[in-house]
Amino acid sequence: MTQSVVVQVGQCGNQVGCRFWDLALREHAHVNKRGLYDEALSSFFRNVDSRKSYSGACCVGGRIQRLKARAVLIDMEEGVVNGILQGPLREVFDSTQLLTDVSGSGNNWAVGHLTYGSAYRESIVNTLRKTAEHCDCLQCFFLIHSMGGGTGSGLGTRVLSLLEEEFSDVCRIVTAMYPSAEDDVITSPYNSVLAMRELTEHADCVLPVENQSLVDIVNKISLMSHGAKPGCVLKKDCTVTSGHGSLSPTEKPFDAMNNIVANLLLNITSSARFEGSLNMDLNEIAMNLVPFPRLHYLVPSLTPLYTLADVNIPTRRLDQMFSDAFSKDHQLIRADPKHSLYLACALMVRGNVQVSDLRRNIERLRPSLPFVSWNQEGWKTGLCSVPPVGHSHSLLALANNTCVKPTFMELRERFTKLYRKKAHLHHYLHVDGMEQSIFSEALSSLDALIDEYHQLDATKARLTPDPPRLSIAR
Amino acid sequence: MSVVTVQLGQCGNQVGRELFDVMCSDAQDAGRKTHSTAGWERFFRQTTQGDLEARAVLIDMEPKVINHSMSRAAKSGRWRYGETSHFSQKQGSGNNWANGYCVHGPRHRDAVEELVRREVEHCDMLAGFIPMMSVAGGTGSGVGTFVTQCLRDIYPSAFVLNHLTWPYGTGEVIVQNYNSVLTLAHLYQLSDAILVHENDIVHRICSQLLKIKQISFSDINRVIAHQLGGVLQPALTPDSCGANSRNPLGELVGALACHPEYKLLSVSTIPQMASSSIAFSTFSWPALLKHLRQMLISNTKMEEGIDWQVHPPPASAGRTRTLTAGSFNTSLANLLILRGKDVYSAETGGFGDSAIYTSWLPPEEAFSLWKSPVPFNKYEKSATLVSNSQALLRPLDDMVRKAWNMFASRAYIHQYVKFGISEEDFLDSFTSLEQVISSYTQLQC
């Protein structure tokens, strides 16, 4: 069994991360009835017995003493991390896993990436190394940060390139929160585009998430719970909708949105942690979904997002779940994958779903989904037998689809609107090590990426004939 | 003579467990009827406490499936795997053939060879090896190919019969066609014969014959195990002089894979039905054999939807054959295995008809018949046909075509290059398989 380390950077990264750890504990508590520290738990947690002399680490198979998250928390201001350390999750984090400063990055990518990046390089690498040493077989780093701010976006991407340098054979999966157009940080387009270049060059996979989509989804859920038809009861205590039943009694704003992202991470790792008839490991995600090194932006969609308590037609509900996964309402960025081109698609199913259900739905949905000519039947499927808490089954779809292009183009629009006028540029150029060329390089990297997606889109309408086969001399 | 099974990757370990399960319960049933204990000796050995242990080595690059298989086997109470007969690592091969073949294989070569050697030492006489794996993933396909190579190197006189599970056409793994092409091209040089099951076909058997509503991989694996068991359980062969064959793999390979360009074998079994219906059905050899023969020549893998219009072409038919010409399935060689009641009265002339075979092999060479009076797996009468014919030509061609399309755009190639497989290696594999496709296409009556 392998271990994964979560590196949460910045305010957003740490808030989402915090929700993730909360839900992970709840999920394992639900499944692990005997209180034994098993392989599944060890993928995200260490078991520490403080009475033991050297580091206190306990092996798999013993009773749970104290669980410590395999996490590194980084923030350049103390508010969020201190909040976590005073909250119900304080026991789960080791003080040696935290890296904080006081003054924040002022929503400035350059400050995060260059100033703090250099100042804290040593300590970041040391903390990462120590966390990695606690792992028997480290498979993946999950990096969580926002794109629009300064710390998450700047220092987060600096951490990403450090991870590539120091742990080159460990997979790097980044969950990046993209700002909506009405973001209150004026320079968020600068920060996002500067960070994008880093993600394109140093990440193995990126799961882009747009705030606006999360807002829409959360609104839809609350609409369901308030305007519900008689006879439809929303399950109140499942992991998706609330932190209810978990450690925090009161919900903070953004909690619902962060829950969705936290669920995304839980579901991606479910097949690596629990058993199933068709396992899907984390290294299989990059292998199957990234046909070309730079095109590694995978649009996530999660179903179900809410549950109705009256379930009397099991198979129909299951099929509905598959249809929902491809509808634009369930995507975590504002995109419509059905009308763009699929390069590859992965379906990770949890719960009591068998291969025939999977096959039936793939056959049913396949005709309406445009796939690229060289991957007409390219599906990656995983079946995990353990469902998430409160649901009987769930589906996570990861699509490498050209529908990310509009999101990136919009980002570029917003960037050029500011950059043309050189608005706020001096805040960045004042930072030691920052040059105008970094801006133009980031912009051309984004342009090149958009162009690659554009080329692929152009093949959509064209009917490409099969390339001629090798002919054998008789 | 004993057979050592090497279970590789998730599929190999899951199917393998079902196979041993079927063979154990069948052998125990047979033992009660014939008062002989030899039925299990080929695939099991007996510990000092009298428990049955499978002659198997379990290999996977991550531990979950092996743990599951071993505990399920032990729970059955009838047989189990050897405590130390398994090897696993912490992290899988990531669906990457190159990772399995170039990295994991060599890295763990010594450990795996040691396990195999220990199992072989338990055998009085080694009949050969059956590596079981899928071709879609990374470990079964990549590590499996490497391990087959090792077996070839260390035991040059042992027979190696690879059992492969081909994935659903509409994808379980996106790079499955690459992994399949690389595996098949390499195995063709290493293996004595390659026995293939296709998930698509077995799925249809589950839904249309066994009437299973919600088909799981366990159901699929159990059908595969039933068909394989029908091939591998003891039988009387022409060479065995009135006793059960002591060289099953050798005789199978000798009967079917006489030419190095033709190694792909498919399996059909009749009857196959929901176990609840077996008690209410009666079987007659003439009916079973008539259906089985038509299944063979019309290339239907089950006794539903058989096209009775397909006939062998007349002798004067044109010399050139293309892939799509006609729906008649020409055979190179066939092995028919009959098990159960009145087996000696079964009339099998239809399978010896030269019209269904290619012209350059006389039917006496092409057709072999094995029999066992012992019923198999609860069926009063059952017939298994192992066939070296054009049956796998279309699926193989589809697989190569899809892989080639993907290769033309170089998609995913960087993932393989990262671990040591170059574009040249891909091209070599494509070339080998085009040769195989051409050979099978050219089979004519």
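User: Is Val65(B) buried or exposed, and why?
Analyst: Val65(B) counts as buried because its relative accessibility is 4%, where buried means under 20% relative accessible area, exposed over 50% and partly exposed in between, with a 1.4 Å probe and protein chains only. This is a predicted model, in which local features need pLDDT of at least 70 and side-chain atom pairs count only at pLDDT 80 or more, while totals for chains, interfaces and linings use all residues. Residues are numbered from 1 along each chain as its sequence is written, chains are lettered from A and ligands numbered from 1 in the order in which they are written, and side-chain values use heavy atoms, with hydrogens and water left out.

User: Where does Val65(B) sit, and what is it in contact with?
Analyst: Val65(B) belongs to helix H2 of chain B, residues 64-76; helices (H or I, at least four residues) and strands (E, at least two) are DSSP runs numbered from the N terminus. Apart from neighbours within four places in sequence, Val65(B) is in contact (heavy atoms within 4.5 Å) with Asn279(A), Gln10(B), Asn13(B), Gln14(B) and Asp60(B).

User: How many residues take part where chain A and chain B are in contact?
Analyst: On the chain A side 49 residues are in contact with 51 residues of chain B. The two chains bury about 4,300 Å² between them, 53% of it on carbon and sulfur atoms, buried area being the accessible area (1.4 Å probe) that two parts lose on being put together, summed over both.

User: Which residues of chain A lose the most area there?
Analyst: Those are Met287(A), Arg469(A) and Leu470(A), which together account for 18% of what the chain A side buries.

User: And how many salt bridges cross over?
Analyst: The rule finds four across the interface of chain A and chain B, a salt bridge being a side-chain nitrogen of Lys or Arg within 4 Å of a carboxyl oxygen of Asp or Glu. Arg469(A) forms a salt bridge with Glu434(B), and their closest N and O atoms are 2.6 Å apart.

User: Which element gives the largest share of the chain A side?
Analyst: The elements that give two or more residues to that side include helix H9 (255-273), helix H10 (282-289) and strand S10 (342-351) of chain A, and H10(A) provides the largest share, six residues.

User: New topic: which residues of helix H3 of chain B are buried?
Analyst: In H3(B), residues 97-107, the buried ones are Trp97(B), Ala98(B), Asn99(B), Gly100(B), Tyr101(B), His104(B) and Gly105(B). The buried residues of H3(B) pack against helices H4 (109-121), H5 (139-154), H6 (176-190) and H14 (413-417) of chain B. At the start of H3(B), a side-chain oxygen of Asn96(B) comes within 3.0 Å of the backbone nitrogen of Ala98(B).

User: What about Gln294(B), buried or exposed?
Analyst: Gln294(B) counts as buried, because its relative accessibility is 5%. Gln294(B) lies in helix H11 of chain B, residues 285-297, and, leaving aside neighbours within four places in sequence, is in contact with Asn299(B), Ile306(B), Asp307(B), Trp308(B) and Val310(B).

User: Last one, how many helices and strands are there in chain A?
Analyst: Chain A has 15 helices and twelve strands, and buried residues make up 62% of its 474 residues. Among contacts in chain A between residues at least 6 apart in sequence, 81% join residues at least 24 apart.

Definitions and conventions: A polar contact is a pair of N or O atoms within 3.5 Å; within protein, one must be able to donate a hydrogen and the other to accept it, and residues adjacent in sequence count only if both atoms are side-chain atoms.
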